[in-house]
Every structure is written in structure tokens, then in C-alpha cells.
Amino acid sequence: MARQEQVLLLEPQHELRFRGPFTDVVTATLKLANPTDRNVCFKVKTTAPRRYCVRPNSGVIDPGTSINVSVMLQPFDYDPNEKSKHKFMVQSLLAPPDMTDTEGVWKDAKPEDLMDSKLRCVFEMPAENEKTHEMESNKISSSLSKSESSTLSMKSMVSLDDGEVKKIMEECKRLQTEVQRLREENKQIREDDGLRMRKSTVMSAPHSSQAMRVKEEGLSTRVIALIVLFFVVGVIVGKLAL
């Protein structure tokens, strides 16, 4: 007996395209829509389960609703000369009205009740001019983000209220007054030091003059004593000569 025709609407219908570079995880989205008036169970299978991560890979789609399935291709070394042989299959089944266990429904399903759709995988690498365009777009986005952050910083600076600005101005004035006071104190200290030096010079001058006078008086006394001594010696020598 022939299988039923797929009731789910797939978007895309035949191909899942993965756009490189493939040095990181690349994700393709598969949309599954249920146009019927019954719940539909689905499963997503692949011929290369180690190369892909599918979320969700199974579930139930309510009537008149849709679901997005993320198909994540894991990083690998891309060879442009090698064609992809990977395929996906979307399997579906009309859920019975009294369904309580999804896994039980799949186990009890008859082959003629199953519906499936197959998609092949296509790997694409961007052209050189598209790479350049993407790099320029990334640079522009980076510049815009930087300018936005700087604008936010300026806005945060401008957002200071009047009370905070007034406090900052008062603190600046206080610091200026403190600096002026320290300058005046430094000037006064230097003037006091100069005055003390002048006083010490004036006080030391009379002591020097008195010492010079004492020294001169002592010298005069010694000269007179020598003259008297020479005179006495001369008198004695004169008397001996006679």
C-alpha cells in the first residue's frame, strides 16, 4: 500500500543550504507548518548524525501552527571539489486523538501511516567580493557600535544633575583657596628666615669689633714692653762699655 502524501509544509522544500566559511558552526533553519486540523508528530533524521545537531529533532505541531527547526552543521575542513552527500528526512504522522505517549505512537505506527520528505544539503562558500563586502560591513558595524558607546558615555556625563555640578564647582574653589593659603604661608616663612639671618649678622658685628680692639690693645702692650726691654738692655750695655 502506498504511503500518504506529506501533510506538513516545508520551507525550504528540497535543499538545506549552509553558507561558509565552515571554521565555526553554521546553522540552517527548516520551517515546518501544519495546515491540517489535527496534531502532527514529526521527526528529523539525517544520513550524517555526527556532523549535525538538530533542535528540536522531534515533537508535535498543533493544528494551524508552525515550528522552526535549527540544523547546525559542525565545523569541518571544506573541500570545494567534494560534493555533499548528506541528506535529511522529515518524517511525520497524524497523531491519534487520544495520544498520551509520543514514542508509543511512533512504535505502533503502520508503515502506510508514515509520511516523509527528503532534503539534500548544499555547502556554499562566499565569493571574494562578497567576503570583502562582509568585512566592510563588519567594520562599519564595529565603528557604529563604538560611536554609540562614546555617545552613551557623553550622555552619561551630561546627565549629571545641577546639585552634583554645584558640589564639584565648590570643591574646585576650596582647593584653589587652599593652594593660595599654602603659597602665602610659604612666602611668610621665607621672609621670617631672611629677617632672622639679618638679625644674627647685626648681633655678631659688635662682638667682632670688641675682639679686634682687645687684640689691638694686647698688641700695643707687647710692643711697649719690647721697647722698654730694648731700652734697658741698651743702657746696661752702654755702662759696661764705659
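I looked up the open sheet: 5 strands form it in the order 2-9-8-4-6, with mixed pairing. Here strands are DSSP runs of E, at least two residues long, numbered from the N terminus, and two of them pair if DSSP finds at least two bridges between them. The edge strands are strand 2 (15-19) and strand 6 (58-61), each of which pairs on one side only. Neighbouring strands of this sheet are turned by 25 degrees against each other on average, direction ignored; the axes are lines fitted to C-alpha atoms.

The model is predicted, and I noted that local features need pLDDT of at least 70, side-chain atom pairs count only at pLDDT 80 or more, and totals for chains, interfaces and linings use all residues. Residues are numbered from 1 along each chain as its sequence is written, and side-chain values use heavy atoms, without hydrogens and water.

Next I checked strand 8 (residues 87-94) against strand 9 (residues 115-124): they pair antiparallel over 6 bridges. Ser92 stands opposite Met115 of strand 9.

I then turned to strand 7 (residues 66-73), which 8 bridges join to strand 3 (residues 26-33) in the antiparallel sense. Lys31 has Asn68 in strand 7 as its bridge partner. Strand 5 (residues 52-55) also runs antiparallel to strand 7, with 4 bridges. In that strand 7, Met72 stands opposite Cys53.

Last, I looked for disulfides (pairs of cysteine sulfur atoms within 2.5 Å) and found 0.

Terms used: Axes are lines fitted to C-alpha atoms, for helices over the stretch in contact, and angles run from 0 to 180 degrees between N-to-C directions.
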